[in-house]
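Here are my notes for your read-through. Keep the structure open while you go through the points.

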Amino acid sequence: MIAITVLLIVVEHYRRMAIERAPIVEVVRWDEDYDFLGWIPTNNVRLDIREGVLVIKVSGFDPYFHSPPLINISAEACIMRIRIASVNCSWIKIYWIRADDLNWDESKAYLFPVITADGAFRTYTFDDLCKHPQWRGIIVQFRLDPEPADVGPAVWYIDYIAFYKRVLNP
Ligand SMILES: [Ca+2]
């Protein structure tokens, strides 16, 4: 029995290593003007669409905005890639709801590593959500918060935002 257990652990170890090294494929992407039409300026932001770029202007305290509703992506798509130019805001926080949990709360939230806020476009690829225990099942909708809540007159220019999953046999 011990030998079988050890074998299973070794197999699982190599399976996880293979997944971590597997290529990524795009599941969903918002990039063109019409992709951004369904985005919602929920709290103290103004949204504008300019030549394929979603412009988010912070207009007050605790700014945030929502993705379109019912995106319904599998949590396998746990890698977020964003091409963004940020002015005066170094932190992106994400919240999400799932098909089996439609409440917005702090358990389903994550503050991404710091970004550069000098107004130049950069592409960031975050795989942090792959290890988040609450990023599972079906993701129904998410929201993004320029942080901190008192960030002040910040602006984000999002060229695109996309989610990717790893596949062993693309
Ligand atoms: Ca774009």
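1. Start at the loop between strand 7 (79-87) and strand 8 (91-98), where you'll find Asn-88. Bear in mind that this is a predicted model. Asn-88 has a phi near 70°, which is positive even though the residue isn't a glycine. Most residues other than glycine have a negative phi. Is Asn-88 buried, exposed or partly exposed? Partly exposed, because Asn-88 has 15 C-beta neighbours inside 10 Å, and that falls between the cut-offs of 12 or fewer for exposed and 20 or more for buried.

2. Now hop to Glu-51, in the loop between strand 3 (45-50) and strand 4 (53-58). Glu-51 isn't a glycine either, and its phi is positive too, at about 50°. How many C-beta neighbours does Glu-51 have inside 10 Å? There are 7, so Glu-51 counts as exposed.

3. Most peptide bonds are trans. Pro-148 sits in the loop between strand 11 (138-147) and strand 12 (155-166).

4. Next, the strand pairing. Strand 8 and strand 11 run antiparallel and are joined by 8 bridges.

5. Now for the inside. The largest nonpolar core has 30 residues, and the members touching the most other members are Leu-54, Ile-56, Phe-65 and Ile-158. Which elements give two or more residues to this core? They are strand 4, strand 5 (64-66), strand 7, strand 8, strand 11 and strand 12. Strand 12 gives the most, with 5 residues. In soluble globular proteins, nonpolar side chains tend to be buried together.

6. Last, zoom in on Ile-56. Leaving out residues up to four places away in sequence, Ile-56 touches Val-45, Leu-47, Phe-65, Val-155, Trp-156 and Ile-158.

Terms used: Residues numbered from 1 in each chain as written. Predicted model: local features only at pLDDT ≥ 70, side-chain atom pairs only at ≥ 80, totals over all residues. Helix = DSSP H or I, 4+ residues; strand = E, 2+ residues; numbered from the N terminus. Core = buried A, V, L, I, M, F, W, Y, C linked by C-beta atoms within 7 Å. Contact = placed C-beta atoms within 7 Å. Pairing = 2+ DSSP bridges.
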